[in-house]
There are 2 protein chains.
Amino acid sequence: MAGTLLGRINEQYNQFSETEKKVSTYILNHAELIPNMTTNELATKAGVSEASVIRFAKKIGIGSFKTFKISLAQELAVKEDYITDFSILQKKDSPYEMFQKVVHVNKNAIESTMESLDKKELEKAVDTLKNARKIVFFGIGGSSIAATDALNKFAKLGFEVEFNTDFHYMLSRMPFVNELDVFVAISMSGETKDVLELTRIAQKKGAKVIAITNMNKSPLYKEADIRLATPVVEKDFRIGSITSRMTQLTIVDTLYICIFNLIGEKVLDEYQEARDYVITLRR
Amino acid sequence: MAGTLLGRINEQYNQFSETEKKVSTYILNHAELIPNMTTNELATKAGVSEASVIRFAKKIGIGSFKTFKISLAQELAVKEDYITDFSILQKKDSPYEMFQKVVHVNKNAIESTMESLDKKELEKAVDTLKNARKIVFFGIGGSSIAATDALNKFAKLGFEVEFNTDFHYMLSRMPFVNELDVFVAISMSGETKDVLELTRIAQKKGAKVIAITNMNKSPLYKEADIRLATPVVEKDFRIGSITSRMTQLTIVDTLYICIFNLIGEKVLDEYQEARDYVITLRR
DNA sequence: CTATTTTATGAAATTTTATTTCATAAAAAA
DNA sequence: TTTTTTATGAAATAAAATTTCATAAAATAG
């Protein structure tokens with residue numbers, strides 16, 4: 001029941017406010033009606049305001065009420081419960097069985113990015129990046145993978161880019177950031193101290209901050225100008241999150257392809273030239 | 001196919017007017033995108049008016065476009081029917097559409113790793129890594145991402161590990177590799193010169209070579225002792241492979257979790273201690 | 001305790017999306 | 001031909017989702 005929408009609502013029930021409890025009670029009791037209801041109808045039935053209905057969807061990690069309805073419809077259409085119980089990774093099975101589970105878990109993680117990512121925020125991000133003079137990425141630990149990937153991709157598109165896993169090096173580069181630049185902060189928890197510090201400095205220097213982070217009330221999520229939310233999936237305190245990289249990379253891929261489509265053509269020819277040149281060198 | 005929405009559209013196709021055919025063609029080709037589209041978006045894509053989209057929903061016996069979207073979402077949740085047309089990434093669509101496609105493509109790539117990876121080779125790899133004195137990873141370009149991730153993960157498990165994107169640095173380290181060690185070569189094409197050279201040196205020094213590479217007749221695939229094959233998916237010469245990272249990472253995840261399960265427990269306690277210590281430092 | 005800030009909420013305003021209406025042009029029938 | 005019917009898109013309208021703003025309650029600081 002862990003990875004399902006209804007399961008998640010059920011689990012978090014005790015942490016909800018009174019208003020949120022009203023909404024979730026109605027949803028849990030009348031799940032199959034929700035996909036065809038409007039915010040107004042649900043608000044009335046649950047005895048709350050429409051705004052609270054919208055807020056509830058976001059609270060449980062879904063970008064919009066519309067998406068919530070679609071996701072719920074899909075969930076209810078499949079009878080069997082999803083195997084999104086990530087504890088399966090802890091069992092000691094054969095390598096091939098483990099492999100199948102990893103495939104499953106990773107696919108699921110990517111799929112649920114559809115629920116967390118907000119359409120408008122994505123559009124804002126693409127628009128902001130397109131016009132950036134310089135793009136500074138930062139992420140440590142597992143998130144450094146996505147930061148590195150982003151660095152490579154945007155470098156290839158001809159942007160002035162910057163990223164190093166060393167916090168102090170990055171710190172030394174922040175004085176040269178200005179309001180024409182974009183700072184992309186990547187952190188699953190949104191609470192990593194180093195990431196937050198650089199984010200605040202970037203903002204003070206007038207740069208736009210795009211956060212790729214879990215949808216929650218973390219400082220990073222709150223403080224960012226543009227929020228690209230990753231889904232809150234498993235976080236096994238023993239194994240560590242293996243899926244957050246996948247969701248972060250999916251968002252990086254999207255940004256790359258979008259910008260590529262906007263400015264790609266001319267950059268491409270130059271890139272192709274460079275590649276051809278390398279090939280002749282190697283001969 | 002009969003009772004389904006898509007089936008019905010398909011059956012009635014010949015009785016449709018020109019405008020209706022346009023709408024149904026788009027729907028049949030991009031069914032999974034419809035639930036998150038607006039009338040306006042679909043109208044634009046199909047090259048018809050919004051009114052015609054609404055009329056189309058009614059034509060096939062659905063009360064409203066909203067209901068149509070919900071029904072379609074439910075229908076698609078049940079059946080597994082994948083699009084493997086990766087050229088979709090080239091079209092210039094809106095950011096959110098691109099995002100949906102990226103999600104789709106990445107999910108598919110991971111899924112098809114199931115077809116390429118050989119059970120016995122995986123078992124051999126796990127067995128070999130388990131007993132390694134030192135593990136040397138190498139990958140450049142896009143494959144450096146997976147190499148870095150592997151480095152981090154196996155370092156966390158207490159292995160002696162090595163990886164640097166700099167070929168010459170790696171070259172300088174190869175004299176210290178011996179028959180107790182494992183060299184993990186990561187390359188999509190299996191033809192990258194630098195990777196091949198290091199692979200050959202490693203083999204000459206008596207190390208076991210594990211290749212994470214596309215399943216084809218590349219030199220790397222042929223020469224490796226153990227082959228962990230990634231699926232041959234899209235390779236757009238313009239955009240570059242966005243999916244190979246996903247498949248490579250899935251394999252790295254698998255190796256990590258397998259080894260973790262074999263030797264994990266004792267390492268964990270030590271790791272937890274280190275984490276706790278960091279937390280006290282930060283306070 | 002009191003003042004200040006933060007948080008949660010609903011009402012109202014705004015934006016987005018779906019649907020209907022109406023005018024027009026093409027096809028069919030008289 | 002002329003009239004009628006039909007199909008369609010543009011524009012208008014209605015409905016729904018989302019954001020903004022004001023306010024009251026709760027938490028925190030002084």
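## Phosphate contacts of DNA strand C

A polar side-chain atom of Ser64(B) lies 3.4 Å from a phosphate oxygen of DNA strand C. This structure is a predicted model. In chain B, a polar backbone atom of Phe65(B) is 3.0 Å from a phosphate oxygen of DNA strand C.

Sugar or phosphate accounts for 62% of the atoms of DNA strand C that lie within 4 Å of the protein, and bases for the rest.

Three helices each supply at least two residues of the surface: H4 (50-59) of chain A, H4 (50-59) of chain B and H5 (65-78) of chain B. H4(B) gives the most, with five residues.

## Helices H3 and H4 of chain A

Helix H3 (residues 39-46) of chain A and H4(A) have axes that come within 8 Å and cross at roughly 100 degrees. H3(A) is therefore roughly perpendicular to H4(A), as angles of 65 to 115 degrees count as such.

On the H3(A) side, the contact is made by Thr39(A), Asn40(A), Leu42(A) and Ala43(A); on the H4(A) side, by Glu50(A), Val53(A) and Ile54(A). The residues of this contact divide into four nonpolar, two polar and one charged.

Definitions and conventions
Residues are numbered from 1 along each chain as its sequence is written. Chains are lettered from A and ligands numbered from 1 in the order in which they are written. This is a predicted model: local features need pLDDT of at least 70, side-chain atom pairs count only at pLDDT 80 or more; totals for chains, interfaces and linings use all residues. Side-chain values use heavy atoms; hydrogens and water are left out. A residue is near a molecule or strand if one of its heavy atoms lies within 4 Å of it. A polar contact is a pair of N or O atoms within 3.5 Å; within protein, one must be able to donate a hydrogen and the other to accept it, and residues adjacent in sequence count only if both atoms are side-chain atoms. Helices (H or I, at least four residues) and strands (E, at least two) are DSSP runs, numbered from the N terminus. Axes are lines fitted to C-alpha atoms, for helices over the stretch in contact, and angles run from 0 to 180 degrees between N-to-C directions. Angles under 35 degrees count as roughly parallel, over 145 as roughly antiparallel, 65 to 115 as roughly perpendicular and the rest as oblique. Contact means heavy atoms within 4.5 Å. Ala, Val, Leu, Ile, Met, Phe, Trp, Tyr, Cys and Pro count as nonpolar, Asp, Glu, Lys and Arg as charged, and the others, Gly among them, as polar.
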